[in-house]
Amino acid sequence: PARPPVEKLLRDDPRHEEQQEMMAKAIVYGQHAPIRAKMERELLSQFQRLPGLQSSLIGLETVLDMDDTIEFEDIMNLEENSAMPRITGPNRSLHDVMEQRLNMRF
């Protein structure tokens, strides 16, 4: 099925903005700056609290400058209301994680 051109622009816009930001950082600060920014984003995307505690990716949101805007999803599409968490994966208890690591499933 053919997609409307506006949908393609909306889908590709964040990627294009990121590429422009990385090019600008390379020009202003040197070739190491985009690599460092990508490393920071990768590290912050992996950060989570202990199992059983509610996690958020606030560090990643801050680096991506997504923490100062309020979107529709922030109000009406809250993660705690959904059956399966979208951002952090299934929120298992500490006991579930340790049972899996020690191969203690009964």
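R36 is exposed, with a relative accessible area of 51%, where exposed means over 50% relative accessible area, buried means under 20%, and partly exposed covers the values in between, as computed with a 1.4 Å probe and with protein chains only. The model is a predicted one, in which local features need pLDDT of at least 70 and side-chain atom pairs count only at pLDDT 80 or more, while totals for chains, interfaces and linings use all residues. Residues are numbered from 1 along each chain as its sequence is written, and side-chain values use heavy atoms, with hydrogens and water left out.

The secondary structure of the chain consists of five helices and zero strands, these elements being DSSP runs numbered from the N terminus, with H or I runs of at least four residues taken as helices and E runs of at least two taken as strands. Read along the sequence, the pattern is therefore α-α-α-α-α. Of the 106 residues in the chain, 11% are buried. Among contacts between residues at least 6 apart in sequence, 29% join residues at least 24 apart, a contact being defined by heavy atoms within 4.5 Å.

Helix 2 spans residues 32–46 and contains 15 residues. From its first C-alpha to its last, helix 2 reaches 22 Å, which is close to the 21 Å expected at 1.5 Å a residue, the expected span being 1.5 Å times one less than the number of residues. The buried residues in helix 2 are A33, P34, A37 and R41. Seen down the axis of helix 2, these buried residues fall within an arc of 100°, so they line one face of the helix; the arc is that of the directions from the helix axis to the C-beta atoms. The buried residues of helix 2 pack against helix 1 (5–29) and helix 3. On the face turned away from this buried side, helix 2 carries the exposed residues H32, I35, R36, M39, L43 and Q46.

The salt bridges, each a side-chain nitrogen of Lys or Arg within 4 Å of a carboxyl oxygen of Asp or Glu, come to a count of eight. One of these pairs joins R36 to E40, with the closest N and O atoms 3.3 Å apart. Because R36 and E40 are four residues apart in helix 2, they are separated by about one helical turn. E40 counts as partly exposed, at 33% relative accessibility. Elsewhere, salt bridges that share partners join K8, R11, D12 and R15 into one network.

E21 takes part in two of the salt bridges described here, with K25 and with R41. The side chains of K25 and E21 meet at 3.4 Å, N to O, and both residues lie in helix 1, four residues apart, or about one turn of the helix. K25 is partly exposed, with a relative accessible area of 24%, and E21 is also partly exposed, with a value of 32%. In the salt bridge between E21 and R41, the closest N and O atoms are 3.3 Å apart. Since E21 lies in helix 1 and R41 in helix 2, the pair ties together parts that are 20 residues apart in sequence. R41 is buried, with a relative accessible area of 11%.

Positive phi values in residues other than glycine occur at D65, where phi is near 60°, and at N103, where phi is near 55°. D65 is placed in the loop between helix 3 (58–63) and helix 4 (72–76), and D65 is exposed, with a relative accessible area of 51%. N103 is placed in the segment after helix 5, and N103 counts as exposed at 68% relative accessibility.
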